[in-house]
Amino acid sequence: MATVRIPTPLRTYTQNQAELKVAGATVGDVLRGLDKAAPGIGTSLFDDKGGLKRYVNVFHNDEDIRFLQNLETPVADADTLSIIPAIAGG
């Protein structure tokens, strides 16, 4: 199972856990599995079409999935996915 790092604003869905182990063959599978393990977190990650929301960044072993195969990026058991919400301000 891949390790998913949960940012502080989303830990209300994970009972304040910073990391969860989630099975899946692709990044999309893992994130959908995360929504099953932590119900409701998917509404913060996915848009109405099933893609990632614009302000959600996901890194696969420190590589932005947008530069890989996006949600179709293959995931191995030893991999780490980090969810990083975009922060804006001035």
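Predicted model: local features only at pLDDT ≥ 70, side-chain atom pairs only at ≥ 80, totals over all residues.
Local features need pLDDT of at least 70 and side-chain atom pairs count only at pLDDT 80 or more, while totals for chains, interfaces and linings use all residues. Residues are numbered from 1 along each chain as its sequence is written, and side-chain values use heavy atoms, with hydrogens and water left out.

**Figure 1. Overall view of the protein chain.** The chain has two helices and five strands. Both kinds of element are DSSP runs numbered from the N terminus: helices are H or I with at least four residues, strands are E with at least two. Their order along the sequence is β-β-α-α-β-β-β. The radius of gyration is 12 Å, close to the 12 Å from the globule rule for 90 residues, so the chain is as compact as a globular protein of that length. That radius is taken over C-alpha atoms, and the rule is 2.2 Å times the number of residues to the power 0.38. Along its principal axes, the C-alpha trace spans about 35 × 30 × 25 Å. Of the 90 residues, 41% count as buried (under 20% relative accessible area; exposed is over 50%, partly exposed in between; 1.4 Å probe, protein chains only).

**Figure 2. The largest nonpolar core.** This core has 22 residues. A nonpolar core is a set of buried Ala, Val, Leu, Ile, Met, Phe, Trp, Tyr and Cys residues joined through side-chain atoms within 4.5 Å. V4, V27, L31, L34, L45, L52 and I83 have the most contacts inside it. Two or more residues come from each of β1 (2-5), β2 (19-22), α1 (27-37), β3 (56-60) and β5 (80-85). Helix α1 gives the most, with four residues. Beyond four places in sequence, L31 touches L45, F46, L52, V58, L71 and I83 (contact: heavy atoms within 4.5 Å).

**Figure 3. Surroundings of S44.** S44 sits in helix α2, residues 42-45. Its relative accessibility is 18%, so S44 counts as buried. Leaving aside neighbours within four places in sequence, S44 is in contact with L10, Y13, K53, Y55 and V56.

**Figure 4. Surroundings of E63.** E63 belongs to strand β4, residues 63-64. E63 is partly exposed, at 44% relative accessible area. Residues up to four places away in sequence aside, E63 touches V58 and L68. K36 is 27 residues from E63 in sequence. In space, the two are 25 Å apart, C-alpha to C-alpha.
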